[in-house]
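Visitor: I have a model open and would like to learn how to read its features. Could you walk me through a few?

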Amino acid sequence: MSGGGGRHKNKRQRNAAEDPQTFILRQIDERNEVSNEDIWELYGVNRPPCEGCRVNNKDSPNCFCALIPLGGSRKTGILWQKDSDLEAAMGPDPHEILRPSMSSPSGLTNLGATCYVNIVLQWLFRIKPFMRGFFAAEPELFEGQAVLQKLALLFGELRHGIKRAVDSAPFAAVLQLNNSIQQDGQEFFKLLLSSLEGFLGLSKHASVRTIVQDVFRGTLSHITRCSSCGQDSSGSQKVVDFYELELNVKDLASLRESLNNYLSVEHMVGENQYICEFCKTLVDATRCTKLRSLPPVLIFQLKRIVFDAKTASMKKVTSKFSFPLVLDMSSRLSIDGTSASHIEGTLMYDLSCILLHKGSATNRGHFIANIKDDANGEWWQFDDESVSSLGFHPMGDAPVKAPTNEGPKDVRAGKAVDLEESSDKAAGDNTIASNGETHEEAHDQPENSLTSADAYMLIYSVREPHVAALASTRDEPFQLPEDLRHIIDVQNKELQEKCQEYKLNKDKTFSARADRKKGIKTLLAQMPVESHINHYFWISTSWLRTWADELDPPPIDNSNLLCEHGKVHPSSVTAMKRISEKAWNSLQSQYRGGPQLSADDCCIECVMENAKNVASVRSFKSERARIMQLLENANASTGAGKFYFVSRAWLQNWLRRKAAEAPTEIDASPTASITCPHKGLLPENYPGAKRQAVPEEAWNYFLHVAQQVHKGVDEGYISFSIETPTCSICDAKLVESASQQQDLRATKLEERQKHETLFGGGSIALVSGPAYYLVPTVWLHHWRSYLGGIGKKSHKSEEPFWLQESLRELVCEKHKGLLFRPPNLQRNRRGELIQSNPNDDIFTVVQEEDWLDLCPRWNADFSHSIQALVMEPTKQEGTTTGSEEIEKSELVQDDSCAPFLLTKPEVCHVCIEERESTELIQKLQYVDEEIYVDIVEGNEPPKALLEPVKGERRVSKRARRGPTSNKRIALKVSGVTTVYQLKLMIWEASSIVKENQRLHFCKNELIDEGATMSDLNILPGAHLWVLDTGLHENRDIAEELYVQDTDTASLEGGFEGTLLSGLPGVVGPSFANVSDVPLSVPSLAISSDSPRRCCNDGESTQDGNDLKERSCDGTM
């Protein structure tokens, strides 16, 4: 016995040791006094100081570890962040937007989708002859034109600004560009050049007025020659200006091939014959383009955007295209009608810029530019804000020697490189090599050319000897006007001052941070208190963390440590630290604040209150455990003593709460759920009124606890001994309710038996003669659900809504006719006539005896019934039936000529047609749905294709239309797809040309090509069929699509709504006195599959012959 007692005692000691504070508080409650040792233990004063912890121990007020990071940095707290994070917190460094050096070009900011603007401006800025002419304009011209003013400022910043990237927003804003929409760089160049030609044309200086023409304009002629008489048309003598040459790229491998294609001879024969003004008849002829003069800056637009017939959309040609570093145009030039090939090598152009379009899509991607610096031959890549040197190679791939005085051919050195294996720095797939040859064929050789899959525009500059007017000043730098230079100098000075200010602030911040770190480490070393005997102070841990993290901490705040008595609460031990008097005085002198909390400020009142609470919890748990044991041993049937009722659900919940430490709201209602409204005992048959008998001692405990929770209120703990009778009033109500439920079940069973067939949903056999009635199917479903609930929860099933209201909703108020057609009839396997779809139809046919019983039962007016008679198909509409009740009827006859129903009231044609039309319109507004087209071989299609598919009727899998022996194609169409568009889809999918297609829907041939699928009532899933007549020869669908595309190309928005589209206040009458009319800007040229290249400017016409020539030209 003593051994067992010893073990029990040791167990209690271990439990006490596991919770020392509870043990101390219990001892305090027993002694009713607090000693110094108790304070030291409860407030953690005795806990030893620690060192080297990875985290701060919040349970020990003597732990100062991890207040500063062990690794020297952390994400939170400005003091301990990395230098880079601290710099980021100081805001953007203005030094980062400075140019690396004045010899490194500046980039341009991308405003969202304005890379196409940036490449054009960067290239235009580096054409020195144009820049000299641009800035030679008088200041008044810049002041009067906002476009010139903003452009001049932008060019000036690119020249003398110190920013790494110049802001292009002011220039884009004055042009009213939409910065979020990607546009075509070539189209922007055309419009911008046209604008500049118009603006500069207002200058007082002749050289300024013609600078655009002098630098960019060349001339050409369109020669149409009669093959019979050999005479050229009068229009052939006209010389047309061009500012760029648009070259086909598709199926062409090099610039030489594209130029050959551009200048090739077209033979006009057959349907393309031309009316000769000399022969006065249709004759065979030839047509070609002749270059008459070439500009100093020669621009080639590579037409990489073509129409894809397979997808009926535009696509980008991504094939590789080669072009030379040096281009000999001598053999391409025709002077006075003769070729200049005899002076080959005298008209040489050097590659100066490559504009590239990255990406395979036509309406998005990214533009970059590789541009050569004429001063030293170095190539630079301009990618919006980013500018990188490519060395002396246009693509930055091969090491090339710096240029010498010998000219560009010293630049063309190195090994050929395939850019498919090179980095993205090359901006495309390119190769370069060279030899010493100078002929055009030699320059076009692989070892002397570049290859790129992304080159979009090529710019060549003529060598000096061919431009005498520009040669003497070609390498001279252009000068900015003094006022513009002053503006840029002011901007540079402001930026330099910001950089200096940022540097001073940064140095000051870093120096202050270093001093603070040193001070924190010194003060933290002084904070630990050597002994509990020494004088100490309490300080908030949260403030201490702020002090250790922030550069400029706030005043000391210990308010979170105080109790209601204004002293340190015992529970605050996890939120405070104990620091030495020296450390406190140092913090107090620097940061002020408070309140000051010393060792004498520990709250004795709160300690005593905690001790009483611990004793109360211990007593509560002990008494609760005793009552649980009492309930476990109690037996109301055999035990002695008095017993009381409590709620069974409440008692089960009370037993589950084994860890409860104090009374709660739940303890206040042991009999609430078994007490009736009359303060009596509820009958146990009531829902939730189950009860449990407990001993009197347990009930007294429950009652005492409930009174503690709810003082003076006995709503939830009225005493009921086991002898207490149940409430007589509630007993009577319970008996009455049970009787009503029994009567309801009996009524439902009786109604179900009376209408057994109708309730079961079985079909009734219909015959001619007797009158039947139509009941709303939805109401009938509710009625069946109501009668089906006869179990314990039958009282919860809702009665069906009034039958009369359901009938009224199916009759139109205006015409007093049915809003829906009566059900269709069919014969079953036994030959009986039944309703086709009783579960899905709006109406259900019922017998007269059923209807006569339902009307009074569910408050329906018999005079508003919907009566129906079965009629044989031989009966005609309006035939007398012999019934006086039916005056008018509606004939509803299906395809199988089955009997039908005559109804009263009659069907309302107006309302039904209006509803069906609305539903059909909604169905026809579909998008991207499938239809099927069968290509029929022979003259007659299968009968299945001639019959319409009834979309609303359910059919079995066997009855569904299966594949025929013909070829079937599935096409995605919409309600707005036209017959013409559908024929193009069939053409693409089956190679049957549009003219050979006889397209049918059921028995009707679709002749109107402008009609849409909605117009023809063709719904998703429809089956069409087509016959191939074979009368017309096969041709490429691209020819048809190209014509269609060119008709809509002019409708594209492009730069509509911007200043470039209209130039308000500039283009128009203001040019009346200018000798040179501004450049006309054609629409964006798009390549077709036709091998003939058409001039972008076209020819002006004066007579019928020129009209014939223009019609053959095919210009977009």
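**Reading burial and packing**

Visitor: Which residues of helix 17 are buried?

Guide: Buried means under 20% relative accessible area, with exposed over 50% and partly exposed in between (1.4 Å probe, protein chains only). In helix 17 (residues 541–549), Thr541, Trp543, Leu544, Trp547, Ala548 and Asp549 are buried. Helices (H or I, at least four residues) and strands (E, at least two) are DSSP runs, numbered from the N terminus. The model is predicted: local features need pLDDT of at least 70, side-chain atom pairs count only at pLDDT 80 or more, and totals for chains, interfaces and linings use all residues. Residues are numbered from 1 along each chain as its sequence is written, and side-chain values use heavy atoms, leaving out hydrogens and water.

Visitor: What covers the buried residues of helix 17?

Guide: Look for contact, meaning heavy atoms within 4.5 Å. The cover includes helix 16 (482–526), strand 23 (536–540), strand 24 (556–557), strand 25 (576–580) and helix 18 (581–591).

Visitor: Why is helix 5 largely enclosed by the rest of the structure?

Guide: Count its buried residues: 11 of the 11 in helix 5 (residues 115–125) are buried, so the rest of the structure largely encloses it. Among them are Tyr116, Trp123 and Phe125.

Visitor: Is Asp454 buried or exposed?

Guide: Asp454 counts as buried because its relative accessibility is 12%. Asp454 lies in the loop between strand 21 (449–452) and strand 22 (455–462).

Visitor: Which side chain joins that of Asp454 in a polar contact?

Guide: A polar contact is a pair of N or O atoms within 3.5 Å; within protein, one must be able to donate a hydrogen and the other to accept it, and residues adjacent in sequence count only if both atoms are side-chain atoms. Here the partner is Lys358, at 3.0 Å.
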